[in-house]
Amino acid sequence: MPSDVPGVVRRTDCARQLAELKQEIDQLQEAVTSHAIVDQAIGVVISLGGLPPERGFEVLRMVSQRTNIKLRKVAALIVNWPGGGQLPDALHKALDQVLMDVRSP
């Protein structure tokens, strides 16, 4: 089919659009999963620290910055920790310190 006919879409254009849409779906699915893990980690942090919910994300962010570990990775490690997972020493120390800092007036 000629590509210069109005309203006619070439197969290569459709294949490219399909590939782009699949990539976007993958990215959105990863974002949803990542968001759920971060939310779960906030729950662990506020329970552990006896904090109000609005402080949970702040704690995760500060721990991430102090340890130079991506927030998603920090969240995943914290979520797995109560079930027998291990927190790296640097992460455990940073979490303890941040919790002390945010509880102090």
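**A tour of salt bridges and a helix face**

Start by selecting Arg55, which is partly exposed with a relative accessible area of 26% (buried means under 20% relative accessible area, exposed over 50% and partly exposed in between, with a 1.4 Å probe and protein chains only). This is a predicted model, where local features need pLDDT of at least 70, side-chain atom pairs count only at pLDDT 80 or more, and totals for chains, interfaces and linings use all residues. Residues are numbered from 1 along each chain as its sequence is written, and side-chain values use heavy atoms, leaving out hydrogens and water.

A salt bridge here is a side-chain nitrogen of Lys or Arg within 4 Å of a carboxyl oxygen of Asp or Glu. Glu58 is partly exposed, at 25% relative accessibility.

How many salt bridges does a search of the whole structure find? The search finds 3.

Next, select Asp101 and Arg66, whose side chains meet in a salt bridge (2.8 Å, N to O). Asp101 lies in helix α4 (residues 89-103) and Arg66 in helix α2 (residues 56-67), so this pair ties together parts that are 35 residues apart in sequence. Helices are DSSP runs (H or I, at least four residues), numbered from the N terminus.

Then go to Arg16 and Glu20, joined by a salt bridge of 3.1 Å, N to O. They are 4 residues apart in helix α1 (residues 11-49), separated by about one helical turn.

Finish at helix α3 (residues 71-80), where Leu71, Val74, Ala75, Leu77 and Ile78 are buried. Look down the axis of α3: its buried residues fall within an arc of 165°, so they line one face of the helix. That arc is taken from the directions from the helix axis to the C-beta atoms.

Definitions and conventions:
Helix = DSSP H or I, 4+ residues; strand = E, 2+ residues; numbered from the N terminus.
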